[in-house]
Amino acid sequence: MHHFHDRPGPPGLELWCEEVPLSRIADAVGTPVYVYASATLAHHYAVFVRAFAPRDVSVAYAVKANSSLAVLATLARLGAGADTVSEGEIRRALAAGVPASRIVFSGVGKTDAELAFALDAGVSEINLESELELHRLAAIAADKGVRATVALRVNPDVGAGGHAKITTGSDENKFGVSASEVERLYARACALPQFDVAGLACHIGSQITEFAPLRAAFAAMRTLVERLRAGGLPVRRLDLGGGLGVPYGDAPPPPTPADYARAVLDTVGDLEVELAFEPGRLIVANAGVLLSRVIQVHTRPSGRRFLVLDAAMNDLLRPALYDAHHAIRPVRTPEPGAVERPYDVVGPVCETGDTFARDRRLPDLAAGDLVALMTAGAYGASMSSEYNSRPLVPEVLVKGADYAVTRPRPSYEEMLGRERRAPWLG
Ligand SMILES: *Cc1c(COP(=O)(O)O)cnc(C)c1O
């Protein structure tokens with residue numbers, strides 16, 4: 001469910017975000033530009049939380065999916081916490097108004113400086129991913145004379161996720177402590193005066209569209225909790241990560257949040273633990289589109305038709321990185337029965353990987369027409385870069401009939417002004 005809909009209005013039916021025509025934003029801000037719907041953010045957050053009712057769960061939104069301060073502030077006002085993976089993300093979450101008491105710090109390679117920063121900031125939980133990290137954090141906490149609330153991130157050895165590059169829960173991956181080491185390390189952590197050990201965490205992958213691996217992971221976590229408790233170790237919190245997939249329009253739809261909640265409650269619902277989650281994509285993916293203008297349409301002698309957009313892989317990396325599918329819609333609604341033809345939809349970057357779609361059927365489009373790459377709110381702007389010295393893609397947040405540019409496009413002067421010449425270059 002999202003808030004991008006066709007609406008009538010001059011010059012005819014076209015795509016709007018909430019109460020704002022996308023063409024108005026394109027004219028005012030220029031393209032390419034990300035546009036986010038506040039109503040969709042609020043809707044997805046509410047649907048996720050409500051799926052567990054009447055049970056209270058804590059939801060720490062995974063900042064890396066979309067780290068826009070405006071998006072974070074929107075979610076913070078709804079009560080969301082933040083799951084962070086770097087000092088920069090902790091700083092962002094705090095700047096957006098997420099209280100430290102709702103910030104979780106995860107990640108496989110936290111530096112000593114980042115761990116120290118997280119302790120100083122007073123984050124609610126640090127998820128430990130290895131024995132070495134456990135000892136590093138204990139030493140830093142001892143040094144500061146503070147107690148760290150920690151959880152152990154377990155790798156339940158269940159592979160899942162829409163692509164090999166986003167599978168995190170198998171023993172082949174770099175993430176988390178193996179199930180066989182959990183009891184020893186948990187007991188170790190509990191024995192250290194520098195730690196308040198809250199419980200266990202896991203996160204098995206992203207864009208998960210099947211139930212079986214989720215259930216298998218939750219069941220494995222249940223077994224571990226029971227084993228720890230049988231050994232006399234307290235477990236009060238179980239963080240089941242994020243990872244639930246969203247429909248991108250190319251495959252059968254993933255489980256709904258209600259199905260997901262049922263799988264959680266069926267497997268661990270009776271454990272008497274505080275349940276915590278870290279959804280990212282589920283909250284923001286459908287809340288955003290990448291709005292782009294057609295630069296030109298050209299046809300090769302072979303007959304292959306290319307739609308060249310002003311958006312590129314540096315603005316939306318997912319198709320190049322994960323072979324990801326994004327629905328592509330003309331902003332001006334085509335006439336009913338309009339002929340569709342296959343296009344390769346590409347950007348201007350000098351890489352063959354700069355291809356958003358191959359053989360995508362689209363109505364006839366011409367230079368200057370607007371298109372929207374749908375479901376681009378997650379891992380879109382947050383992965384964008386200035387490759388090819390293209391200005392960092394701007395972001396716009398819509399709320400009802402209002403919109404605001406929440407990250408302006410940098411000028412070329414700003415881009416070049418961030419760099420310094422080496423002194424010997426004069
Ligand atoms: C990326 C990540 C998430 C969020 O994953 P989604 O697929 O966006 O829901 C949650 N937890 C951790 C530890 C992550 O690294």
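Leucine 316 lies in the loop between strand E15 (305-309) and helix H11 (318-322); helices (H or I, at least four residues) and strands (E, at least two) are DSSP runs numbered from the N terminus. Leucine 316 is buried, with a relative accessible area of 1%. Here buried means under 20% relative accessible area and exposed over 50%, with partly exposed in between (1.4 Å probe, protein chains only). Apart from neighbours within four places in sequence, leucine 316 is in contact with Tyr34, Leu290, His326, Phe356, Leu373, Ala376, Tyr379 and Gly380, where contact means heavy atoms within 4.5 Å. Between the C-alpha atoms of leucine 316 and glycine 107 there are 23 Å in space, and the two residues are 209 residues apart in sequence.

The structure is a predicted model, in which local features need pLDDT of at least 70 and side-chain atom pairs count only at pLDDT 80 or more, whereas totals for chains, interfaces and linings use all residues. Residues are numbered from 1 along each chain as its sequence is written, and side-chain values use heavy atoms, with hydrogens and water left out.

**Domains and cores**

The domain assignment gives domain 1 (4-37 + 285-417) and domain 2 (106-279); such bounds come from an automatic or database domain assignment. The centres of domain 1 and domain 2, taken over C-alpha atoms, are separated by 36 Å. In contact with each other are 11 residues of domain 1 and nine residues of domain 2.

The largest nonpolar core has 102 residues, and those with the most contacts inside it are Ile126, Phe195, Leu200, Leu238 and Leu240. A nonpolar core is a set of buried Ala, Val, Leu, Ile, Met, Phe, Trp, Tyr and Cys residues joined through side-chain atoms within 4.5 Å. The most is given to this core by helix H8 (residues 211-230), with seven residues. Because domain 1 and domain 2 both give residues to this core, it lies between them. A second, separate core has 19 residues, including Leu15, Cys17, Val33 and Val398. In soluble globular proteins, nonpolar side chains tend to be buried together.

**Helix H1 and the residues after it**

In helix H1 (residues 22-29), the residues Leu22, Ser23, Ile25, Ala26 and Val29 are buried. They cover an arc of only 160 degrees around the axis, which means that they are on the same side of H1; the arc is that of the directions from the helix axis to the C-beta atoms. Asp27 and Ala28, on the other side of H1, are exposed. Glycine 30 follows H1 and has a positive phi, near 85 degrees. The peptide bond from threonine 31 to proline 32 is cis, with omega near -5 degrees, and proline 32 is found in the loop between H1 and strand E4 (33-37).

**The ligand**

The ligand is surrounded by 14 residues, the closest being Lys64, Ser206, Glu278, Arg281 and Tyr379; a residue is near a molecule if one of its heavy atoms lies within 4 Å of it.

| Residue | Atom of the residue | Atom of the ligand | Distance |
|---|---|---|---|
| Aspartate 83 | polar side-chain atom | nitrogen | 3.4 Å |
| Glycine 243 | backbone N or O atom | oxygen | 2.8 Å |
| Glutamate 278 | polar side-chain atom | nitrogen | 2.5 Å |

**Residues in loops**

Arginine 390 lies in the loop between strand E19 (370-373) and strand E20 (395-399). Arginine 390 is buried, with a relative accessible area of 15%, and its side chain is joined to that of aspartate 315 by a polar contact of 2.8 Å. Serine 389 is also placed in the loop between E19 and E20, but serine 389 is exposed, at 55% relative accessible area. Its phi is near 50 degrees, a positive value in a residue other than glycine.

Histidine 203 is found in the loop between strand E11 (195-201) and H8. This histidine 203 is buried, with a relative accessible area of 16%, and a polar atom of its side chain lies 3.0 Å from the backbone nitrogen of glycine 242.

Methods:
A polar contact is a pair of N or O atoms within 3.5 Å; within protein, one must be able to donate a hydrogen and the other to accept it, and residues adjacent in sequence count only if both atoms are side-chain atoms.
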